[in-house]
Amino acid sequence: AFGVVADIQFADAEDGHDFGGCRRRYYRHSLRLLREAVRAWAGESPPIGFVLQLGDSIDGQNARRGEAESALQQVLEVLGQLSVPVHHAWGNHELYNFSRARLVHTGLYSRPAGGSDGPADRECHAYHCSPAPRLRLVVLDSYDTSTLGREPGSLRYQESLRVLREKNHNDDLNSPEGLKEPHFVAFNGGFSQAQLDWFDEVLKFSDENQEKVIVMAHVPIHPSASNGVCLAWNYEAALSVVRAHGCVVCVLAGHLHDGAYCLDSHGVHHLTLEGVIETPPDSNAFGTIYVYEDKMVLKGSGRIPDRVMHF
C-alpha cells in the first residue's frame, strides 16, 4: 500500500483564487490537510510502504513573497513525520520557486544518489525503483523540456521556447485561447528524447522480468485523464512508449485540480488526482492505494472517490 497526494500548493497566505478568478484556493489550510493525510497514513495497518507526492507542493506566490525556502521546509517537515520514503514529482509551481539547479539540492530531489536509476542528465528528475517484489515505480520529469526553471540563455530554454512559440501565438504563453492544441502553454512541459529513450529501456527490463509498473508524473499524459489543457506537450510520445510494453498498469498525475480518470484502449489506468489546494478546510484530498496481484484499490478521502482498477 502507498499514499498519494497532489497539488498541495502551500503558502502562508490568505485564501485566494485561481488565475480565472473563480475558483477558491486555500493556501494556508493546505498544510493542515497534509497533516491530516500524514496522520491517516501513519495509522495504516499494515503500514504503507511509501508516499507519492505528485508535484506542486508549494505555491508560486512564495517566490514573490520571498518565502519559497520556508514554505518548502514546512511541507517537508510534515512529510518527514512519516517513516517511509516520499517520492516527489516536480511540478510547475516548484519551478516558479526554484531553478532546476537549486531543486537538485532540496528535499524534493528524491532521485537516488549514484547508480544508473535515471537518465544521464542529473538535473532530469526521473528515476525508477522497486518498492516491492515484481512491482516497479517510474517517476517521470514532465518539465524536462520547458521554459520553467532554466536559465533564459541556455540551449534547453531556447529550444523549449521555440517549441512553445511554434504552437502558441498568444502574447501570454500561459493562455490556451484559440489554440488548435491548447496544451501548448507555458505552465505545461514535456519529455526530452533522452528521457523517453531511458523510459523505454526501463519498461523493456520490466517486461522481461514480468513486473507491474506504476508511472508517476506531475502532468497527465492521456487526453481523457485531462481537460485538454493540462496535458504534457508531447504526451503522444510518452503514451507510445507505454503502449510498446505490456508492463504498465497505472499512470498517476496531478496538475488538474479537478482530477480525472480513464482506462485506455491498452488497459492502462490513468488517474489524475484532485488537488489539495482547492479543497475546502472541512474536506480533504489524499488517498491510499492498495496493490494486489490483479488490481489496485484506491481508498480516497474527501474529494477523492474510491476506485478499483483491475489489471
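**Figure 1. The largest nonpolar core of the predicted model.** This view shows a predicted model, and its largest nonpolar core has 81 residues. Phe2, Trp41, Leu52, Phe199, Ile221, Val248 and Leu252 touch the most other members of this core. Another core, of seven residues, lies apart from the largest one. Among the seven are Tyr157, Leu161, Leu173 and Phe184.

Figure 2. The strands follow the order 6-7-8-9-11-10, and their pairing is mixed. Strand 6 (127-132) and strand 10 (260-263) are the edge strands, each pairing on one side only. From one strand to the next, the twist averages 15°. Helix 7 (residues 193-208) lies across strand 6, strand 7, strand 8 (212-216) and strand 9 (248-253). Helix 7 runs at about 175° to strand 7.

**Figure 3. Strand 7 and its two neighbours.** Strand 7 covers residues 135-139 and pairs with strand 6 in the antiparallel sense, over four bridges. Within this pairing, His128 stands opposite Val138 of strand 7. The hairpin of strand 6 and strand 7 has two residues between the strands, and Arg134 takes a positive phi near 60° there. With strand 8, strand 7 pairs in the parallel sense over five bridges. Here Val139 stands opposite Met216 of strand 8.

**Figure 4. The two sides of strand 7.** In a regular strand, side chains alternate between the two faces of the sheet. Leu135, Leu137 and Val139 point one way from strand 7, while Arg136 and Val138 point the other way. Strand 7 is mostly covered, with five of its five residues buried.

**Figure 5. A salt bridge between Arg28 and Asp12.** Side chains of opposite charge can pair when their charged atoms come close. The structure holds 21 salt bridges. In the one between Arg28 and Asp12, the closest N and O atoms are 2.6 Å apart. Arg28 lies in the loop between strand 3 (24-25) and helix 1 (29-42), and Asp12 lies in the loop between strand 1 (2-5) and strand 2 (16-17), so the pair ties together parts that are 16 residues apart in sequence. Arg28 has 37% relative accessibility and counts as partly exposed. Asp12, at 36%, also counts as partly exposed.

Figure 6. Arg23 forms a salt bridge with Glu278, and the closest N and O atoms are 2.6 Å apart. Because Arg23 lies in the loop between strand 2 and strand 3 and Glu278 in the loop between strand 11 (269-272) and strand 12 (285-291), the pair ties together parts that are 255 residues apart in sequence. Arg23 counts as partly exposed at 28% relative accessibility, whereas Glu278 counts as buried at 10%.

A further salt bridge joins the side chains of Glu181 and Lys167, at 2.9 Å from N to O. Glu181 lies in the loop between helix 6 (155-167) and helix 7, and Lys167 lies in helix 6, so this pair ties together parts that are 14 residues apart in sequence. Glu181 is partly exposed at 26% relative accessibility, and Lys167 is partly exposed with a relative accessible area of 34%. Salt bridges that share partners join Arg23 and Glu278 with Arg25 and Asp258 into one network.

**Figure 7. Aromatic pairs.** The count comes to four aromatic pairs. Trp41 and Phe286 form an edge-to-face pair, 5.6 Å centre to centre with 85° between the planes. Trp41 lies in helix 1 and Phe286 in strand 12, so the pair ties together parts that are 245 residues apart in sequence. Both Trp41 and Phe286 are buried.

The rings of Phe184 and Trp233 have their centres 6.1 Å apart and their planes at 25°, so this pair is stacked. Phe184 lies in the loop between helix 6 and helix 7, and Trp233 lies in the loop between strand 8 and helix 8 (235-243), so the pair ties together parts that are 49 residues apart in sequence. Phe184 and Trp233 are both buried.

Technical notes:
Residues are numbered from 1 along each chain as its sequence is written. This is a predicted model: local features need pLDDT of at least 70, side-chain atom pairs count only at pLDDT 80 or more; totals for chains, interfaces and linings use all residues. Side-chain values use heavy atoms; hydrogens and water are left out. A nonpolar core is a set of buried Ala, Val, Leu, Ile, Met, Phe, Trp, Tyr and Cys residues joined through side-chain atoms within 4.5 Å. Buried means under 20% relative accessible area, exposed over 50%, partly exposed in between (1.4 Å probe, protein chains only). Two strands pair if DSSP finds at least two bridges between them. Axes are lines fitted to C-alpha atoms, for helices over the stretch in contact, and angles run from 0 to 180 degrees between N-to-C directions. Contact means heavy atoms within 4.5 Å. A salt bridge is a side-chain nitrogen of Lys or Arg within 4 Å of a carboxyl oxygen of Asp or Glu. Rings of Phe, Tyr and Trp (its six-membered ring) pair if their centres lie within 6.5 Å; planes under 30 degrees apart count as stacked, over 60 as edge-to-face and the rest as tilted.
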